[in-house]
Amino acid sequence: MGSPPIDAGQTLQTVLISPVVGGVIRVWDDDTDQHWFVDDPDRLASIMGNGIAARTEVEPDRYREACLFDRSTTTLLVKGRAGVGADGAGTDTEALPFRLEQADPDPVTNFLELGDRLGDAALNAARRGELIIVERGGWEHHPIPYVLAGVLVLADDATWVNHIEAAPAPSGAEHWPPAPAGEAGQTLSAPADESTVRVSGLFMATAIDTWGVQPWDIAITYTASPSGPWTS
């Protein structure tokens with residue numbers, strides 16, 4: 001799919017989007033949000049969450065990926081971050097188009113696809129030296145609830161550890177052990193390798209399932225890891 005020019009007079013809004021789940025995304029603009037089917041969901045998912053797409057700062061040193069949206073043609077344009085190259089999205093001058101069709105998705109009870117998306121995002125972020133934080137989506141920042149994943153190095157022996165934390169503690173969530181009594185949040189850790197980092201997405205998804213939300217209600221926020229890029 002090529003990158004068409006942005007026509008003179010074309011009205012574009014900067015929007016935030018949810019992860020792609022079931023071929024659907026949620027799009028937040030300045031004052032509305034809607035669900036849309038994507039014409040090429042796998043390609044969009046391969047771009048978002050891989051450090052390729054342009055970003056906007058939602059809190060100091062915390063960033064979310066942002067797109068451009070032409071509501072008149074229902075076209076989503078994903079611009080690349082300057083100096084980042086992959087899949088044609090590596091400059092700040094190109095914009096990859098995705099056609100959208102308005103959706104009224106059925107409620108989702110299976111969070112496995114969301115877990116796969118988050119696992120991929122966590123793995124790619126670790127290799128770039130970033131942590132991911134999943135929160136409620138939209139332009140307004142919601143610090144609680146959240147779930148965070150990242151690969152950190154233990155200062156005492158230089159061991160890389162896959163770290164996951166959630167608040168509130170995901171009581172009763174599948175795969176999570178019971179939270180310590182009296183603790184507001186919960187943390188899990190394991191030796192870092194590709195499989196444990198990928199499976200962190202499943203732990204994140206089951207924690208999110210306790211929030212009473214759908215996969216399209218959340219957004220991924222990125223911040224720098226204090227340990228830098230993961231060198232496995």
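Reply: Happy to! This is a predicted model, in which local features need pLDDT of at least 70, side-chain atom pairs count only at pLDDT 80 or more, and totals for chains, interfaces and linings use all residues. Residues are numbered from 1 along each chain as its sequence is written, and side-chain values use heavy atoms, with hydrogens and water left out.

Me: What makes R71 and D29 a salt bridge?

Reply: The term asks for a side-chain nitrogen of Lys or Arg within 4 Å of a carboxyl oxygen of Asp or Glu. For R71 and D29 the N to O value is 2.8 Å, so the pair meets the definition.

Me: Why is D29 called buried?

Reply: Buried means under 20% relative accessible area, exposed over 50%, and partly exposed in between (1.4 Å probe, protein chains only). D29 has 5%, so it is buried. R71, at 33%, counts as partly exposed.

Me: What makes E194 and R127 partly exposed?

Reply: E194 has a relative accessibility of 38% and R127 has 43%, so both values fall in the in-between class. The side chains of E194 and R127 also meet in a salt bridge at 3.3 Å, N to O.

Me: Which residues are linked in a network of salt bridges?

Reply: D120, R127, E194 and R198 are. Over the whole structure, the search finds 12 salt bridges.
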